[in-house]
Each structure stands twice: as structure tokens, then as C-alpha cells.
Amino acid sequence: MYVVDLNCDMGESFGPYKKGLDEELLEYVTSANVACGFHAGDPSTIRETVQMALDKNVAVGAHPGLQDLVGFGRRKIEITPKEAYDIMVYQIGALQAFVHAEGGKLQHVKPHGALYNMAAKDSVLSEAIAEAVYKVNPELILYGLSGGELIEAGERIGLRTASEVFADRTYQEDGSLTDRSDGRALITNATEAVKQVTRMVIAQQVNTVQNNDISIKAETICIHGDGRNALKFAAYIREALQEAGIEVKKMVN
């Protein structure tokens, strides 16, 4: 039996601005990556999202990003390893406090957006991020791009890691995600997304935009909750995985 976690970024509303269908998507995912306030989210949104996830028995993770509300954390900002460490500890601490206050336990940490992509290629930055996670709580699971530097840094420091793949993103030959500025970055056809993701789990391979197969490890699958058809997409992905003989469950039960 193949087993995989299905995660989604959540808690990205801010003040009066509503983003995503968090409550509805929690019916289909097994882990929620909750924004920590730097790239999205605010204290009330964090609390409400954590409450909803725990009520649905969905694992909660911290989703720390760069301090960039206007750019939604997707713009690359040069930071030092020490700054990366500090913003990680700060944001993980906020999420951990809310989860504890609601009677739950934080399961994982997954960096967001540009910080995630920078860490996938930068070993020094990844080491700082992994150290921050480890020092806050060595039992936390570190989510990172499959085959990337962050996974290696987490393993070196002694963290449990989860190699992440994306249902709705295309890949480059070096294993990185195609940049969002490229028109080929997103997979909008649900059938194609299912075909890609089941192959990543079962065959441990993905076809790149250069039309070459590369090896990949899939322990957790990310789906995005802010797309036009996000809810239908999530339901379709969950059902298709189960039909393919892939059990969908959170990392820690």
C-alpha cells in the first residue's frame, strides 16, 4: 500500500480580505500549512484556522514566509542565514502557541513561497531554517521540496523530514519548480495533475517541461486552495489517489 499526506496552504486571509476556501478544503486534506502573519494571515485568522483544522482532525503545521504582505511572500528578498533563523523561530513560535492554546500539537513546518524555493537551492539558508525548527522543537517534521537542500539540511540536524511534491506545478530538470512567471508553471487540467501526482507516488518519477523523466520522492502532496476550482480539484485529487491504491493520511496519527 502506498501512503501519502495531502497538504494545503491555509489561513491566508488578512483583516477584511478573504482568501481561499479553508473550511471546505479541510474535508479533503490531511495537513494544513497555516500562514504565520508575515506573508499572510493575522492573529484572528490563525486562531480560527487552527480551530477548524483540529476540529476536522487535520494536522496543523506552521507556514512561515518572508516579511512581504504586498508580494504575498513570493518575491525573492535577500536575507542572511541569521535573519532566516530569527524569522523562522518567531513565526513557528506564534503558530505553536495558538495550537497549544487550542489543545492541539503542532505537527510540521513548511516554509512558504520564495523562502521555500530559496531554501531548496541554498544549503546555508537551509541549515539556518532547519536549525530554527530543531531548536524550537526537534519533534517537528520539516516539509521541503523533494530532492532539495532543505530536506538534506533537516536530515543532517536530526529532524524527521517530508519530501514534498506538487500536484499542480511543473518541474525543471534539476528538480525545481518552474517559476510562476513561466506560462508553463501551473497545471490547470485536473486529469493531468492526477496523472502526474500518482506517477510521482508510485513510480517515483516526474516528467519535466523539457520532456525528460527525473526521479522524485513523494511523501506529502501540496495542493493550492486559492485557485478558481480549488475545491473540485481537491476532491478529485483525493478520490483519484484512493482509486489508485494510494492511502491518504497525515504524517503523524
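Buried means under 20% relative accessible area, exposed over 50%, and partly exposed in between (1.4 Å probe, protein chains only). Helices (H or I, at least four residues) and strands (E, at least two) are DSSP runs, numbered from the N terminus. The model is predicted: local features need pLDDT of at least 70, side-chain atom pairs count only at pLDDT 80 or more, and totals for chains, interfaces and linings use all residues. Residues are numbered from 1 along each chain as its sequence is written, and side-chain values use heavy atoms, with hydrogens and water left out.

**View 1. Buried residues of helix H4 and what covers them.**
Helix H4 takes in residues 113-121, and Ala114, Leu115, Tyr116, Met118, Ala119 and Ala120 are buried in it. Their cover, judged by contact (heavy atoms within 4.5 Å), includes helices H3 (81-101), H5 (123-136) and H6 (149-157), together with strands E5 (141-145) and E6 (160-166).

The buried residues of H2 are Thr45, Ile46, Thr49, Val50 and Ala53. They lie on the same side of H2, because they cover an arc of only 125° around the axis; the arc is that of the directions from the helix axis to the C-beta atoms. Exposed Pro43 and Asp55 are carried on the face turned away from this buried side. Packed against the buried residues are strand E1 (2-10), helix H1 (22-25), strand E2 (31-35), strand E3 (59-63) and H3. After H2 comes asparagine 57, with a positive phi near 60°.

**View 2. The aromatic pairs.**
Rings of Phe, Tyr and Trp (its six-membered ring) pair if their centres lie within 6.5 Å; planes under 30 degrees apart count as stacked, over 60 as edge-to-face and the rest as tilted. There are two aromatic pairs in the structure. In one, the rings of phenylalanine 38 and tyrosine 90 have centres 5.5 Å apart and planes at 40°, so this pair is tilted. Phenylalanine 38 is in the loop between E2 and H2 and tyrosine 90 is in helix H3, so the pair ties together parts 52 residues apart in sequence. Phenylalanine 38 counts as buried at 11% relative accessibility, whereas tyrosine 90 counts as exposed at 57%. The rings of tyrosine 116 and phenylalanine 166 have centres 5.9 Å apart and planes at 80°, so that pair is edge-to-face. It links tyrosine 116 in helix H4 with phenylalanine 166 in strand E6, 50 residues apart.

**View 3. Lysines over rings.**
A charge sits over a ring if NZ of Lys or CZ of Arg is within 6 Å of the ring centre and within 35 degrees of the ring normal. Lysine 19 has its charged end over the ring of phenylalanine 72, 4.9 Å from the centre. Lysine 110 lies over the face of tyrosine 116, 5.8 Å from the ring centre.
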